[in-house]
Structure formats: C-alpha cells, structure tokens
Amino acid sequence: MDRITLETKKVSIEFPGVKALSDVDFAITTGEIRAVVGANGAGKSTLMKVLAGANPDYTGEVLLNGQAVELRTPTAAKKIGIQIVYQEVDTALVPTLSVGENVMLNQTVMSRGKPFMNWPSIHQQAREVLKRLNITNINVRTLVQDLSLAQKQMVLIARAIQSQCSFLILDEPTAPLSDTETVELFRIVNHLRDTENIGVIFISHRINEIIQICDQYTVMRNGEIVGTSPVTPEITSREIVEKMLGRSFEENFPKEIVQIGEEFFEVKNLSGGDGKVNDVSLHLRRGEIIGVAGLVGAGKSELCKTLFGSYKVTGGEIILNGKRLKIRTPSDAVKERIALVPEERRKEGVLVNEDVSFNLSAACLGKFCVASFINKAKTDANAKQYVESLGVKTPSIRQWVRNLSGGNQQKVAVGKWLAADCDVYIFDEPTKGVDVGAKQDIFRLIYDIAKNGNGVIYASCENSELLSITDRIYVMYDGKIMAELVTADTSEDEIMHYAVGGTTAYAKA
C-alpha cells in the first residue's frame, strides 16, 4: 500500500499571553499508530486542532506528501483525509438521529437540496462501514442517545473512515471506557493501521496503553517537540513520564498522615441517581479521604451527583453534623457546605466562557458582593491567591478558562470550592485527562483539604490512585456497595474481586 506523509514545518500559534506552539516540526505516515504525549499545557491538543483545521491562526506550513496545504477550516482538513474524534464524543453526534444517519452524516449534509433521501441506502451503507470494522453490537437504526459512550465512539470512528480518511486523531479515547471496551477499541485501532492503512494519532495520559498499542511516541513540552522514539519491548512508563516532565519522577505518591477525627457525615440506605444508586450506606470522618471504586457504569458518578442534589433521592438519609439534610438541588447542597468537582469538568465543573477570576469565586459569589454588585477587587484578590497556591498556569486571571489546559481547568474547578470553604468535598474522576504532574498537584490539594479537618469522597476507576490517597474504600457494583475496605490492608486484586460483582469474601494470600 502506498504511504502518505503528513508533516508540519515550524508551526507556531499564540493565544493571548501564551505561545501554545513554537516552531513545531512533526511528521506521521499512514500505516502507523503514533502517540503524542506531554504534560497538560504541553501543546498536544493545540497541535491536533491545527491538523484538524480547528486552529486556523497558525503560522508555518503543513505538508501532505511534500505539498503545502492550508488547514484553516475543519472542512479543509477533512477534504485531505484528516479526521478527529474528540474526547467529548456527544458534542460531535446528533442524539436524536439514528446510528446510520450519524455515520453517514457528512453525506446527508452534502446531499441537501436533493428532493428525496434514500434512507434504506443510507442505513445499508452505514451497516457496511460498521461491518468493515467488525462492529456487530450496534444496530444502525438505534438512536444515538440510547448508546453507551463506547458505542458512540465507534460511531464516530465509523463516520471518519466512511469519509476519505488517511489520518485519524483520537483525543483521550479510553478515558470513558471500561477495560473490556478499551480492548475492543484497540482491536479497531490495529485494524485501521493494518487493514485500512490509516495513520492513527493517539493522545493519552495512560502510559501503559501507549506502550501497549503504539508504534512510536512523540513527546511535547512547553509547546515544543522534545523528540520521537520507537515503542520497544524494553521501554518503561517511567522513562516516558520523565521525558514528558523533563525531570525525574516518583511514581508512587507518598500517603500523607492526617489526623482522623470524629464521624460527621453519614449516608444511610440511599437510593436514587435515576435508578442507579441502590441502598447505599457509608460514613466519613473529619480529616478522612474515602474512596468509591468500581468499573464504568457501577454507579459512582450517580452516587456523587445524588449526594450533591443533581439526581433525585428516592430513599434513605443524608446526615451532616447530626442534621438530616433535605437536598433536592445542587443549591441545597452548597448551602449545607457540600461541594462536587464533577467528572465532566468542561460541561459541569467550570464556566469555560468566563475568566479565571470569575470561576474561582463562582461557588460563593455572595462573599464578594456589596449590595447586589460584585466587588471586582475582592474577586481578583481571591483569584490571585488561589492561582498562586494551586499553581494554576495562566498568563492572567483574565484568561478565559476554555484556553487553559485540562489540568489547569481541573485546578480551577477545585479552587472555586476551596474559596467556598465546605465541609464535604466530593471528587468524581478528578484526574481524568490529567497528566502525572498535575495529578500530583491535585493529590496535594486533596491532602490540604483533609488536613483542614474536612472530609473527602474520592470516586475513581483508577484503583492505583485509590490505594495511594485514601484511608478506606467502598467498592460499588450495579449501584450497590459490595464491600468496605481499609486501604492499608487491601489490594487491586481485592478491589477488582468486588468490582466485578464478587459476593463471597476475598481469599487473601
């Protein structure tokens, strides 16, 4: 098969106060899987958006087989065979249309003006595309809104290869997936390389996956390419991480000793979460960090949102400092000094079209108001304090949050609740899409919260994180608590035993 090369020459791009890319030379050929790695803010997503036509204000050149091309719009990128699947898959799909209509969306849009649409043909073509990828568990007539996240991702990949596709960019593709779904994604990615002769650019913070699936990896740091290396059997995750950070890295974050106080928060037989939380009981002591473990779909996020009032409570009790709470809305939770840092930070955790200063005061605006007016001097002083203490990388507190990297957005999402001074902090997948350096910063923030005598609920699919940071772990399966474990006495194997529905006591070696 003929190979096609895509490359950039001295590509640079600037945002207000930030040089996001600086003279980047990058090249990939069809028929390879290339990882692009780097800390949050390294420039990975910015470079990918240049290639996808979503960052038109770049300088420098993009070449296809040595010929200069202009990528100033997404349409221009698609015309030369560059497709991208973003991490937020829902934003690229039409939920009320069928799978077939979404797979063939580019064709149906281009066919506007025709008096009739051949719907049987549309669905048959979509069926053939899915068959090319050996995807057999998706009916082309199913509405996209009824699919799982993993299935939605498959629909987007099918749409990409249905169109002319030489290069496919996958942005954090495994972040929302279970282990089984990740295996299926890897099968498809290998098929794209080996059978379809597509070059796949794979952006991920999960280093073990990069070692497993990729042929080469390119490291970015501070908007520049540090280097490209082959993925060999001898390579270690530590080696890749140290190239990303530009320094040595301690893989295991040391557990800090925090004085544990009295029990002050209790959940008794809680049900709700749109039917996905069933008879859950747990308790939390001051200074304690408890984990909520479980596979994707176990009910962790629904539990977090039910405690915060985003989902209706249908049974049970929530008790704080001896008081039975009636939490019907997030506003009720905030009044009771309960905070939630949600999994989908861009949609629910921050106001992306507001600046850093406003976001860091958004959870407690009343503190910064005189009469009905916001005192900008107070919000700015608050913002400067938290930008410094949290290590938020931003050129200014006036920077829009949408222009920050994922890790810095997450710090802002945490910082707004620190300003509100809550009792219970709930973190739902707080390190999703966050690099190892920012992950350590977030761990330090959580320890600081615990040291101040507050309680933390930490929900995550990453068992290694739970074992590093928590004092106790509750394991969920199918909306229920299967086990309560003391972190110091448990292991990943025991957590997984209960996470897959184990009902018998785990036999420890």
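**Strand β3 and its partners**

I began with a residue pair: Val36 has Thr218 as its bridge partner in β9. This is a predicted model, so everything I note here is computed from it. β3 and β9 (residues 216-221) run parallel, paired over 4 bridges. I then looked up β8 and found it parallel to β3 as well, joined by 4 bridges. There, Arg34 has Ile201 of β8 as its bridge partner.

How many residues of β3 are buried? I get 5 of the 5 in residues 33-37, so the strand is largely enclosed by the rest of the structure. Ile33, Ala35 and Val37 point one way, Arg34 and Val36 the other, and all are buried.

**The six-stranded sheet**

Next I traced an open sheet of 6 strands with mixed pairing, and wrote down the order β16-β19-β20-β13-β21-β22. Its edges are β16 (338-341) and β22 (480-486), each pairing on one side only. Neighbouring strands are turned by 20° against each other on average, direction ignored.

I zoomed in on β21 (residues 472-477), which pairs with β22 in the antiparallel sense over 6 bridges. Ile473 stands opposite Leu485 of β22.

Which helices pack on this sheet? I noted α10 (residues 300-307), which touches β13 (289-293), β16, β19 (424-428), β20 (455-459) and β21. The direction of α10 makes about 150° with that of β19. I also noted α16 (residues 436-451), which touches β13, β19 and β20, with its direction at about 145° to that of β20.

**Helix α18**

I went to α18 (residues 492-499) to see what is buried, and listed Glu494, Ile495, Tyr498 and Ala499. Viewed down the axis of α18, the buried residues fall within an arc of 135°, so they line one face of the helix. Their cover includes β13, α17 (463-469), β21 and β22. After α18 comes Gly501, with a positive phi near 100°.

**Aromatic rings**

I counted 3 aromatic pairs in the structure. Phe186 and Phe202 make one of them, edge-to-face, with 6.1 Å centre to centre and 65° between the planes. This pair links distant parts of the chain: Phe186 is in helix α7 (residues 179-194) and Phe202 in strand β8 (residues 199-203), 16 residues apart. Both Phe186 and Phe202 are buried.

Phe443 and Tyr458 are edge-to-face too, at 6.4 Å centre to centre and 65° between the planes. Here Phe443 of helix α16 is linked to Tyr458 of strand β20, 15 residues apart. I checked burial again: Phe443 and Tyr458 are both buried.

I also looked for charges over rings. Arg72 lies over the face of Tyr58, 3.8 Å from the ring centre. Arg286 has its charged end over the ring of Phe264, 4.2 Å from the centre.

**Asn102**

Last entry: is Asn102 buried or exposed? Its relative accessibility is 0%, so Asn102 counts as buried. I placed Asn102 in helix α3 (residues 99-103). Setting aside neighbours within four places in sequence, I find Asn102 in contact with Leu93, Val94, Leu97, Val144, Val155 and Arg159.

Definitions and conventions
Residues are numbered from 1 along each chain as its sequence is written. This is a predicted model: local features need pLDDT of at least 70, side-chain atom pairs count only at pLDDT 80 or more; totals for chains, interfaces and linings use all residues. Side-chain values use heavy atoms; hydrogens and water are left out. Two strands pair if DSSP finds at least two bridges between them. Helices (H or I, at least four residues) and strands (E, at least two) are DSSP runs, numbered from the N terminus. Axes are lines fitted to C-alpha atoms, for helices over the stretch in contact, and angles run from 0 to 180 degrees between N-to-C directions. Contact means heavy atoms within 4.5 Å. Buried means under 20% relative accessible area, exposed over 50%, partly exposed in between (1.4 Å probe, protein chains only). The arc is that of the directions from the helix axis to the C-beta atoms. Rings of Phe, Tyr and Trp (its six-membered ring) pair if their centres lie within 6.5 Å; planes under 30 degrees apart count as stacked, over 60 as edge-to-face and the rest as tilted. A charge sits over a ring if NZ of Lys or CZ of Arg is within 6 Å of the ring centre and within 35 degrees of the ring normal.
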